[in-house]
Each structure stands twice: as C-alpha cells, then as structure tokens.
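Here is a short report on one protein model. Keep the sequence and the structure in view while reading.

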Amino acid sequence: QEDVFKKIVSHCKEYGFVFPSSEIYDGLAAVYDYGQNGVELKNNIKQYWWKSMVLLHDNIVGIDSAIFMHPTIWKASGHVDAFNDPLIDNRDSKKRYRADVLIEDQIAKYDEKIEKEIAKARKRFGESFDEAQFRATNARVIEHQQKRDALHARYTEAMQGPDLAELKQIIIDEEIVDPISGTKNWTDVRQFNLMFSTEMGSVADGSNKVYLRPETAQGIFVNYLNVQKTGRMKIPFGIAQIGKAFRNEIVARQFIFRMREFEQMEMQFFVQPGTELEYFQKWKELRMKWHQALGFGAENYRFHDHEKLAHYANAATDIEFHMPFGFKEVEGIHSRTNFDLSQHEKFSGRSIKYFDPQTKESYTPYVIETSIGVDRMFLSVMCHSYKEEQLENGETRVVLMLPPALAPTKLAVLPLVKKDGLPEKAREIVNNLKFHFNTSYDEKDTIGKRYRRQDAVGTPFCVTVDYDTLQDNTVTLRFRDTMEQERVSIDQLLSIIEDKVSI
Ligand code: ATP
C-alpha cells in the first residue's frame with residue numbers, strides 16, 4: 001500500500017498534476033504547486049462542489065472573502081489562544097512531531113495487529129469463519145483490543161485538558177520510538193500555534209500584526225448579515241466559499257494530505273436554534289451522498305462521529321476516505337451552535353442578530369458547517385483512480401480512471417499519421433469541440449503510445465482520424481476504461497461525449 005502511494009506521488013509529478021513548490025531550490029516543506037493537468041482536475045472538483053452547493057440549492061449563495069481579516073476576529077474565534085497542536089521533539093533526530101499524531105499512530109498499530117490476526121484466521125477457516133466470535137474468543141486479539149482501548153481512553157482523556165505532561169507520559173509508557181533515529185529520547189510536550197502571521201502597512205511595531213486565515217469560515221460568519229440583508233435570505237439559508245487557508249502544520253511529508261497552504265470548500269448553514277441537530281443529520285447524509293456519487297464505492301467511505309466535542313459544538317463527524325495509508329478525514333461536518341456569531345457580537349460590540357419577519361423576534365442563528373479540503377479531495381480522487389492493469393498481451397498500462405466529469409481533458413484527437421490532410425482534419429474536430437469541453441490534439445509518437453499517454457492523465461475519450469475519415473467523416477472512438485473502440489460519425493461526437501463529461 002505504501003508503495004502504491006509512492007507511485008501515485010511520482011505519477012502526479014511525471015504527468016503534470018502536482019509539483020513540489022520551489023523545486024529548483026530543493027522545495028519548500030509541505031507546499032505544492034499544481035501543474036497543467038492538476039489545475040484542471042482541481043478546478044473541476046471545485047466546480048462539482050460549487051454546483052451541488054450553490055447552484056442546486058435555492059437557499060445557498062456564495063461569497064469570496066479576503067484572506068486578511070481584522071486580527072480581532074481570530075481572538076474572537078478562539079484561534080489566537082487555542083488553535084494549537086501539542087509539539088514534541090526527538091533529541092537525536094532533531095525532528096518535530098505532533099504528540100497526538102504519534103499516539104494515534106500507535107493506536108492504529110494495535111488495530112493493524114488485530115486485522116492481521118483476523119485475516120490470517122479467515123484464510124485458515126475459509127467459509128466457516130465467524131469474525132465476531134473470533135474477536136470475542138481469540139486470546140491474542142483480546143489482548144491487543146484491551147491494550148488499544150486502554151490507550152485510546154487514556155489518550156482521549158489527556159486531549160481533553162489537554163494535559164501535556166500526560167501526553168508525554170503516554171509516549172514514554174508506550175515506548176514510542178522516532179521513526180528516523182529509532183530512539184525514545186523525547187523532549188517535553190508544548191503547545192504550538194498553527195497560525196501564520198505577518199505585518200500589514202509600513203509600521204512593524206506589533207500593532208499591525210495580521211494573520212493568514214487558517215480557515216475560510218470566519219469570512220462567512222462576519223459577512224452573514226450583509227449577505228442575509230442584501231440577498232433577502234430567510235433562515236434556514238447557507239453561505240458557501242472556496243478559498244485558500246494556511247496552517248503552520250508540524251507534520252509535513254504527507255504529500256498534499258497535510259499542507260501549509262491549502263484550499264477549503266466550506267458552507268455554513270444558518271438555522272433556528274433548536275433545529276440544528278435535524279439539519280446536522282440532513283447535511284451529514286447529503287454530503288456522504290455527494291462523495292458517493294463519484295462512484296468510488298460506498299465501502300471506501302465511513303463516518304467518524306466525534307465522541308468528545310469541542311466546547312462550542314453539539315455534534316461533529318468526519319467523512320473519511322480509504323486512502324492507501326488508511327481511512328483519513330476528507331471532510332468535517334460540525335454543529336457549531338451560535339458560538340462564532342455570539343463571539344463576534346461580543347468582540348465587535350455590534351448586534352448581528354437575525355430578525356425573523358414572521359415571529360418578529362431577533363435571535364443569533366445556530367450554524368451547521370460542512371468543510372472539505374480541495375487538496376484532500378484531489379488526493380482521494382487520484383488514489384482511487386490510479387490503476388496498473390495487466391493487459392492480455394502481457395504489457396501493463398497505467399491508467400487514471402477519473403470520473404469523466406473531473407478529468408482534466410475530456411477528449412484527445414489523434415491523427416493516425418502526420419500527413420495527407422489527417423492533421424488538418426483532426427484540428428478541425430478539435431476546433432469545433434473545444435468550446436464545449438476540454439479537447440486536446442496530439443500527433444507525436446505511435447497511436448499506441450499516444451493512447452497510453454492519455455490513459456495516464458485520465459482522458460476518458462480518444463478519437464483517431466484515419467484515411468477513411470476523409471471519405472466518410474467517421475472516426476474511431478476509444479473508451480479509456482474498457483479500451484473498446486467504436487466507429488462513429490464526427491457529427492455524433494458532441495452528443496456522445498458531452499453528456500458523460502458535464503459536471
Ligand atoms: P486534521 O485533523 O486532519 O488536521 P482538521 O480536523 O484540523 O484536520 P478542519 O479544521 O476540520 O480539519 O478542516 C476542514 C478540512 O480542511 C479537513 O477535513 C481537510 O480536508 C482540510 N484540511 C485541514 N487542514 C489541512 C491541511 N493542512 N492540508 C490540507 N487540507 C487540510
């Protein structure tokens with residue numbers, strides 16, 4: 001699985017999806033650039049989200065707020081005081097780690113051990129294997145499970161404080177070693193604030209300190225009344241936004257899963273107090289449906305309901321996707337009560353209450369938030385679409401089975417040879433179709449090689465222009481996933497393809 005992930009990372013680079021930032025200067029940790037194919041895929045993901053959120057809901061509108069905001073906003077939101085991760089160093093490797101992540105990895109190791117025992121037993125007993133009974137009776141599994149549960153309970157307790165000394169004690173008791181130095185020589189755990197700051201204006205006296213936003217949500221909260229009034233919105237209504245966010249993350253080296261500059265797609269849904277749990281449930285279901293509509297298989301998603309909640313939330317869940325390195329959070333759905341809005345009322349001194357025209361009452365709305373990382377979504381799409389296939393002729397092909405709606409290029413038009421008017425005919429097809437969807441032209445190398453190149457970037461359709469085309473206006477249409485070919489008239493291409501690639 002780790003190997004597959006490495007291959008996906010190098011595929012992303014080799015085919016112009018994702019490059020390390022500032023590569024000729026040896027890169028910048030946890031910062032990445034999207035290449036010519038990556039930007040198309042990323043734009044399509046954003047459009048797929050925007051369409052389903054803003055265009056398909058009468059009561060959701062979008063905004064685009066600035067990255068810089070008044071610094072007091074981050075005081076009000078709690079980010080200045082509490083947007084921290086527990087940090088620990090290994091004295092030998094001089095590497096920094098998140099103490100919570102080290103412990104979570106340890107919990108996952110117990111889970112892996114249990115899964116291994118189960119897989120072994122399943123192989124041994126075949127059809128008659130009863131997993132529930134095995135879990136309840138196998139001594140090794142019971143032991144791993146007990147250790148896991150005890151660790152999990154202790155960890156959850158420590159994170160509530162959070163009791164930093166206890167986190168360190170857990171790392172010591174579990175004999176967690178640094179993966180690089182292999183030693184247990186740890187420093188104390190301390191809090192590390194994840195916000196980046198800079199100075200605004202020309203005076204660097206500290207009073208002009210501003211932050212790069214660590215989430216897009218606050219831009220929505222401080223604008224909600226502007227939007228409600230100017231858009232004459234009635235509760236319940238939502239505001240959506242796509243934009244960059246910045247976090248000085250401690251754990252790097254997870255490719256685009258955890259970046260220091262990333263993009264979020266967030267939607268805040270404003271509801272009447274008392275109805276929030278009903279809407280939380282509704283959004284939970286809707287968001288899972290949105291993910292599953294991509295066709296990656298329901299078994300690759302799961303909810304992770306939070307047992308312990310942040311002080312401002314009264315329900316929270318993550319949608320996790322099965323990445324090559326395990327089930328990981330792609331989206332968070334939170335019922336945030338009226339915490340943010342009432343904090344902004346308190347810190348700004350302005351009333352930002354909603355006036356209900358029916359009951360003639362004013363109140364501070366409650367908020368359900370759906371928050372998804374564009375880059376994590378991108379990674380999940382890449383991981384699921386990357387396939388190495390063994391062909392009948394013994395060759396292997398690497399193909400990105402991207403959902404056609406997300407594919408960077410929808411159609412590649414390939415003249416069989418570079419002469420006798422075939423390139424001109426192919427260009428004519430490109431020119432007619434490129435206004436409808438992303439269409440490219442390729443004449444270099446053999447047809448076989450060109451097909452492979454299109455497979456590798458996930459182009460769902462290729463057409464080949466040959467000598468017959470000049471006679472009867474037909475082309476060979478090749479389907480990426482099945483590699484089947486069909487002779488079709490050029491006039492049919494638009495209707496055949498457009499329907500399958502539209503978002
Ligand atoms: P994690 O626990 O993985 O750090 P989080 O719970 O802090 O994530 P949220 O604050 O809920 O994340 O952010 C919402 C979404 O934004 C996440 O589900 C994820 O998709 C995305 N996201 C958060 N941090 C990063 C990051 N450093 N790089 C890429 N995407 C991120």
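Which residues of E21 are buried on one side, and which on the other? Phe461, Val463 and Val465 are buried on one side of E21, and Cys462 and Thr464 are buried on the other. Both faces of the strand are therefore covered, with burial meaning that 20 or more other C-beta atoms lie within 10 Å of a residue's own. A residue counts as exposed at 12 or fewer such atoms and as partly exposed in between, and C-beta atoms are placed from the backbone.

## About the model

This is a predicted model: local features need pLDDT of at least 70, side-chain atom pairs count only at pLDDT 80 or more, and totals for chains, interfaces and linings use all residues. Residues are numbered from 1 along each chain as its sequence is written.

## Overall build

The protein has 17 helices and 23 strands. These are DSSP runs, numbered from the N terminus: helices are H or I with at least four residues, and strands are E with at least two. Along the principal axes, the C-alpha atoms fill a box of roughly 75 × 65 × 55 Å. Of the 503 residues, 31% are buried.

Contacts are pairs of residues whose C-beta atoms, placed from the backbone, lie within 7 Å. Among contacts with a separation of 6 or more, 65% join residues 24 or more positions apart.

## Domains

The domain assignment gives domain 1 (8-71 + 194-398), domain 2 (84-191) and domain 3 (409-501). Such bounds come from an automatic or database domain assignment. Between domain 1 and domain 2, the C-alpha centres lie 29 Å apart. Five residues from domain 1 and ten residues from domain 2 take part in their contact. The domain 1 side has three nonpolar, one polar and one charged residues. Here Ala, Val, Leu, Ile, Met, Phe, Trp, Tyr, Cys and Pro count as nonpolar, Asp, Glu, Lys and Arg as charged, and the others, Gly among them, as polar.

## The strands around E21

Strand E21 covers residues 461-465, and five of its five residues are buried. Strand E19 (residues 411-415) runs parallel to E21, joined by five bridges. Leu411 stands opposite Phe461 in that pairing. Strand E22 (residues 474-479) pairs with E21 in the antiparallel sense over four bridges. There, Phe479 is the bridge partner of Phe461. Two strands count as paired if DSSP finds at least two bridges between them.

E22 is also joined to strand E23, antiparallel, by five bridges. Thr474 has Ser489 in E23 as its bridge partner. Is E23 (residues 485-489) covered or in the open? It lies largely in the open, because zero of its five residues are buried. The hairpin of E22 and E23 has five residues between the strands, and Met483 takes a positive phi near 65° there.

## Backbone details

Helix H1 (residues 2-14) has 13 residues and reaches 18 Å from its first C-alpha to its last. That is close to the 18 Å expected at 1.5 Å a residue, where the expected span is 1.5 Å times one less than the number of residues. Gly16 follows H1 and has a positive phi, near 70°.

Most residues other than glycine have a negative phi, and most peptide bonds are trans. Two positive values fall in loops. Phe255 has a phi near 55° and is found in the loop between E9 and E10. Phe255 is buried, with 20 other C-beta atoms within 10 Å. Asp420 has a positive phi of about 60° and lies in the loop between E19 and helix H14 (422-433). Asp420 is exposed, with 12 other C-beta atoms within 10 Å.

One peptide bond also stands out. The bond from Ile235 to Pro236 is cis, with omega near 10°. Pro236 lies in the loop between helix H10 (224-230) and strand E9 (237-246).

Definitions and conventions:
Contact = placed C-beta atoms within 7 Å.
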